[in-house]
Amino acid sequence: MNGDTAEYSPLSLDSADYDPIQHLNLLFSHPTTVSSVGDVSATLRTHHHGLSSEISRLQTAQAYGPDSSLERMQTAQAELAGLFRKIETVRSRAIQTEQNITSMTADIKRLDGTKRNLTLSMTALKRLQMLTTAYEQLRALAKTRQYRECASLLQAVLQLMRHFNSYRSIDQIATLSRGVSELQRELLEQVCEDFEMAFAKAEVGARKATLVEACSVMDALGENAKARLVTWYVNTQLREYRQVFRGNDEAGSLDNIGRRYAWFKRMVKSYEEEHAGIFPPHWRVGETLSMAFCDGTRDDYKGILEKSMRSVGGAKIDVNLLLGCLQETMDFEQSLERRFASNPRASIDTLSSADERTQSFNGSISVAFEPYLSLWVESQDKALASMIPKYKTQPLIPSDEEFSPQAVISSAIELFHFYKLTLSQCAKLSTSERLLDLAKILAKYLDEYAQQVLLAILQRPSQNGTYLQDIILVLNTADFWHTNTGQLEENIKKRIDPDLLDKVDLTSQADSFLGVASASITALVNRVEADCESAWREMKNTNWSKMESVGDQSSYVGELVGHVNAKTEETLAVVVKQQYARAFADKLIEHLANTYIANIVQCRPISEVGAEQMLLDKYVLTKAFENLLSYHNPHPPTPTSAGPKQAPPPPASFVKRVNATMTRIDPLLKTLQVRPSPPEGLVQAYLIHIGDRSDTNFRKVLDLKGVRRAEHAHLVELLGIHRDSPSYNRLVAQSPLLTPLMNAGGIGSAGLGISGSGGIGGGGSMHQTGGGGSGGAGVGARFDPASLGEKLLNAARDGVERMGTPGVGAGPPGAPGTAAALASGQGNNNAASINENLKSFGKFFRRDIGGLGARFGKRDGSVEDAR
């Protein structure tokens, strides 16, 4: 209980982890022990009082004992007070020591100050004596014009005089300072007088040595004196020039600009032979003389040009004369720049050697012509405006040259050289707003060349069967200009001022030429399709509803493959670049697939056996079309281990492309293979293969199969029941295959809205609507090359767009030609519309070819290769 016997027990009151509950449970472990509660309580109170008494006793002993805390605190305070007294004693002794040392060294400091002052006084007196002696000697030498000695002595006098600037309050020093300043002025006037007399009396050669020494005096007198002498010399040399060319309207006119530069060259020659040796090289008198001539000439030209613009009748300056003067001026500036840029600055001291030549002669005179360069830019605009009509009528290649697959239209080469020369000239004249104006004009006529020249070639009728060659020339030229348009933009950006860099953009022009390339590819495809009309006609003449069994391929298939292969071989033989060959093949496959679908519609009704035969024919066509690219740059067959030689396999990406394109036909044919009885089988086949929710599309399939109209309602009702089941909850609203079919006038209409992809690569497609080629309503119409360009222009004008891609197709057969509308001046809106649609075609055509990884318009060679 009291814890004395259990000091370390958890039940001890002295334990750190004492638990009263455990202790109580131990004390009252049985109900019989409850009676001892009073005793336990009394014992606890007694123990509590004992502890309190012990605590009080210990507190008293700690506070008032011999070794108490209070006593120790008092002792510590006494020790601190003693420490502070010792510190103060040390500080007092240090101060006393410092005072003793100061008193001991005071005399030494006084002696040091006296010595320093005495040294300064002796130095000042010595310098004063030297200054006085040098001053007197300088006065004597100045009177006898001994300039060599004067120069060195003057430098010494000026250097000594700077030491006495702080003593000018002393009268004698002030008098001496005024004497030195007066002597400097006298020397300056004397040297200037000697130069004036020597030049006035033509005694420069006889007095050259004196004048050379006088220049060293001017160097010692400072920059102001040197500038005065150089300015006088420049004005003296240019006095005759100003009198002749400013006071005489005939001599000062632009026609006599060559006389100005000839006069200056004679004057410079005279300077170098007679006067250059007088002036120190680091004065750069020749450069200053040239710059003064340029400044004066520039001001003269500004006045002449302003006067010419204000002449009676408002006649403008002759552009050829302006260009001739400007070119001659720039040549003169370049000659001055070469002369003085190769002449490094000579120096006689560190200061002058650090002074580099900062002025440039480029533009020093020609800047006067810049405000009038708009006349030159206008002349380039007129020149290009006259070139475009000429290019429309001239032969595509010279008569003495033969066609080659790499050839470019000769007008494109001529226009390219004109652009190159014009840009080079303008960059020499101006790199600011005028160059930007020229860039806009160049862009304008690039658009006109694409529209009025290249597309017009596709529009005009073929001559002597050369239409294929014309298309290839247009394709090569469009590719040529697409590449060079980008290079043209880069060259302009390299030369134009940085603040105008963002305003130079020829991307839309490059896209326009890609649009022309796309139109050329479409024209090549339509040539092939036109040759296949007889095969398609045979397909339509076959009775597909009465076919009893599936045999080998149909007769039209061999004829179709023969026509396609022959025309493809003829076409790809003259298509040079792989990317354009691939584009042609891709678009041809798309158009053939679309035409096949269109002819399926016109072959209705189609029996189940007929649909199966069509599916077999489709498979044969697919395998045949996989080898179309083999006609481009054909390789000789390679021997195999088996013995016979085999041709290299077609590109895997193209094979994949062909199969993906032709497979689009499969859902329709597989649906047509299913018998209408039982009706659930046909409905389920439609939902599985076609996979849309459209009643209209389902009716189209029924019409193609020849199902009677009376049965349509029941089958459509059955379709609605099945498509609402959970099994078909992912059906699309409209099938992309069936929706475009027969939407122009129903199943019996002659107009089929065939939307086919003529795209390149895997992304997007270029659609055609109506007749271009043998698809749709134009299946039975012959291909007319004379109207192809017109149709292309109409498509570009109308901006046909289906399924989110720009259309390149044929318009109505009787549509008027856009080129004629442009020629008759029917507005710029049509031209702008054509241009914008060409840019859209070009942006699409820029997409990657599937599997080739190359972009259209990327050139494999240089300009010479295209040429």
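**Overall architecture and aromatic pairs of the predicted chain**

Among contacts (heavy atoms within 4.5 Å) in the chain between residues at least 6 apart in sequence, 77% join residues at least 24 apart. The structure is a predicted model, in which local features need pLDDT of at least 70 and side-chain atom pairs count only at pLDDT 80 or more, while totals for chains, interfaces and linings use all residues. Residues are numbered from 1 along each chain as its sequence is written, and side-chain values use heavy atoms, with hydrogens and water left out.

The chain contains 29 helices and 4 strands; these are DSSP runs numbered from the N terminus, helices being H or I with at least four residues and strands E with at least two. Of its 867 residues, 44% count as buried, a term for under 20% relative accessible area (1.4 Å probe, protein chains only). The accessible surface of the chain is about 44,500 Å², and 53% of this belongs to carbon and sulfur atoms. Areas were computed by the Shrake-Rupley method with a 1.4 Å probe; for residues, only the protein chains shown count as cover.

A pair of aromatic rings is described by the distance of the centres and the angle of the planes. Rings of Phe, Tyr and Trp (its six-membered ring) pair if their centres lie within 6.5 Å; planes under 30 degrees apart count as stacked, over 60 as edge-to-face and the rest as tilted. By this rule the count is 27 aromatic pairs. One of them joins Phe 195 and Trp 232 edge-to-face, at 6.4 Å centre to centre and 75° between the planes. Phe 195 belongs to helix H5 (residues 171-200) and Trp 232 to helix H7 (residues 223-246), so the pair ties together parts that are 37 residues apart in sequence. Phe 195 is buried, its relative accessible area being 0%.

Phe 416 and Phe 480 also form an edge-to-face pair, with 5.7 Å centre to centre and 70° between the planes. Because Phe 416 lies in helix H13 (residues 410-429) and Phe 480 in helix H15 (residues 467-495), this pair ties together parts that are 64 residues apart in sequence. Both Phe 416 and Phe 480 are buried.

Helix H15 itself is mostly covered, with 21 of its 29 residues buried.

How values were computed
Buried means under 20% relative accessible area, exposed over 50%, partly exposed in between (1.4 Å probe, protein chains only).
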